[in-house]
Structure formats: structure tokens, C-alpha cells
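Student: Hi, I'm opening this one for the first time and would like to go through it slowly. Could you walk me through it?

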Amino acid sequence: MNKNLLSFAILALAVVILVVNIWKPGSTESEKNTTAPAGDSVETTEDIPGAKLSSLREGAEAPDFELNTLDGKTIKLSDYRGKKVILNFWATWCPPCKAEMPHMQNFYEEYNDQGIEILAVNLTNMDKGEDEVKKFVEEYGLTFTIPMDEEGYTGTTYQAFTIPTSYILDENGVILKKIVGPMDEKMMKDLTGVK
């Protein structure tokens, strides 16, 4: 009898977990279907001001954005047309981001004059504040552009749910590759095609 009761309790718990994870009151069909097989992208619109339906698959145009940089300038992704771009999403508290930064800086110093730009978007809404970001940039000697995603809209648009997340964009702003996890210099060279 106890085995049957335990089996029933486990089964009931599994059903409750399944229902809680699948069903959301008032959700639409497109909201329910927000996961995709590995390597695929999901086309959704979030309740984000200015967010547009976008596809983040390879071969699609990267969604434009406008952010203020750590040094107070306003930049748009479209300002970098004509250059290959490594678009990186990171935070100061992220150990893999810390490991990746020296590689990005070395790569930037070596290949920036070959028409490659690094935009390392700080997920400021999830980070420890602008002073902490400035301290991090100084400590790592970073000289590439650091846009600040203060509201979190850009990180959400680019599905930067695991960080670091990077996109390699061609000269026309088209996504060549999405990378989840840290990159090293060799990987950056291979992905951007520099010699």
C-alpha cells in the first residue's frame, strides 16, 4: 500500500510540475511556443516598447538598436554598417565573461584596423551599476565600445539569457553566427574570417 501511495504522490507531483511549466493564464499560443530546438531561433514580440518582430537566425538582418555607451556617446548598431561586428552581451559578475574579455581585447587590438568592430553590450539592468562597469573596464584595459543596456530591451531582443552571448555580423548587419558561451581569439578569427 505504501509503494502505491508513494507512486501516486510522485505521479501527481510530476503532473503539477508539467501543468505549471506549460500553462500560463491568459497567454496566447505564440507566447506558449517560445522554445525552439537548439540552433533555431524563435520569432516573438515581447511587451517591450519599440521591440519589433525579429528573427535571430543565421542569415537574418540583426535588429537595430540605440544605446548610450559607457563614455556617454549614443550609438546605433546600424552606424557600424560596412564593418564586421562582434556583438557581445555580458555582465561584470559573470565568470565566463571575465575569462573572455582579455581575448576580445587582444583580438580588437590586432584586427580593428581590418574593418572589425566589437560592441560589448553590458546588461546594465542586471549588473551592479555604472561605477562597477567602469572599474571592470579599467581593470581589464578594454578599449572597444561598451554600450549600456540600462532597460534590458536589447539583451531581451537578442535573447541574451545565458551570458556571454555573442553574434557575428557581416558588413551588411546580417547574422553569420550566434555563440553562447565565451570565445577565445582563435574562435573570433575563425568566425570573422580574418587572416
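Tutor: Let me start with a term: a residue is called buried when its relative accessible area is under 20%, exposed when it is over 50%, and partly exposed in between, using a 1.4 Å probe and protein chains only. By that rule Glu132 counts as partly exposed, because its relative accessibility is 29%. Please keep in mind that this is a predicted model, in which local features need pLDDT of at least 70 and side-chain atom pairs count only at pLDDT 80 or more, while totals for chains, interfaces and linings use all residues. Residues are numbered from 1 along each chain as its sequence is written, and side-chain values use heavy atoms, with hydrogens and water left out.

Student: OK, so which residue does Glu132 form a salt bridge with?

Tutor: Glu132 forms one with Lys135, and their closest N and O atoms are 3.5 Å apart; the term salt bridge means a side-chain nitrogen of Lys or Arg within 4 Å of a carboxyl oxygen of Asp or Glu. Both residues lie in helix α4, three residues apart, which is about one turn of the helix. Helices (H or I, at least four residues) and strands (E, at least two) are DSSP runs, numbered from the N terminus. Lys135 is partly exposed, with a relative accessible area of 48%.

Student: Why would residues three or four places apart point the same way?

Tutor: An α-helix has 3.6 residues a turn, so residues three or four places apart point the same way. Another pair in helix α4 (residues 130-140) is Lys134 and Glu130, which lie four residues apart, and their side chains meet in a salt bridge at 3.4 Å, N to O. Lys134 is partly exposed at 34% relative accessibility, and Glu130 is partly exposed too, at 37%.

Student: How many salt bridges are there in the whole structure?

Tutor: A search of the whole structure finds six. One of them joins the side chains of Arg81 and Glu61, at 2.9 Å from N to O. That pair links distant parts of the chain, 20 residues apart: Arg81 is in the loop between β2 (74-76) and β3 (84-90), and Glu61 is in the loop between α2 (29-32) and β1 (66-69). Arg81 counts as partly exposed, at 39% relative accessibility.

Student: Switching topic, where is Gln105, and is that residue buried or exposed?

Tutor: Gln105 sits in helix α3 (residues 95-111), and it is buried, with a relative accessible area of 4%. Leaving aside neighbours within four places in sequence, Gln105 is in contact (heavy atoms within 4.5 Å) with Gly141, Leu142, Thr143 and Phe144.

Student: What can you tell me about α3 itself?

Tutor: Helix α3 has 17 residues and reaches 25 Å from its first C-alpha to its last, close to the 24 Å expected at 1.5 Å a residue, where the expected span is 1.5 Å times one less than the number of residues. It bends by about 30° at Met101, and a proline, Pro102, follows within four residues; the bend at a residue is the angle between axes fitted to the seven residues ending there and the seven starting there. The buried residues of α3 include Cys97, Met101, Gln105 and Tyr108, and what covers the buried residues of this helix includes β3, β4 (116-122), α4, β6 (165-169) and α6 (185-192).

Student: Which residues touch the most other members of the largest nonpolar core?

Tutor: Of its 45 residues, those are Leu87, Phe144, Ile146 and Tyr158; such a core is a set of buried Ala, Val, Leu, Ile, Met, Phe, Trp, Tyr and Cys residues joined through side-chain atoms within 4.5 Å. Helix α3 gives the most to this core, with six residues. Phe144, setting aside neighbours within four places in sequence, is in contact with Met101, Met104, Gln105, Tyr108, Ile118 and Ala120.

Student: And β6, which strands does β6 pair with?

Tutor: β6 pairs in the antiparallel sense with β3 over five bridges, and also with strand β7 (residues 175-180), again antiparallel and over five bridges; two strands count as paired if DSSP finds at least two bridges between them. Phe89 stands opposite Thr165 in β6, while the bridge partner of Tyr167 in β7 is Lys178. Five of the five residues of β6 are buried, so this strand is largely enclosed by the rest of the structure.
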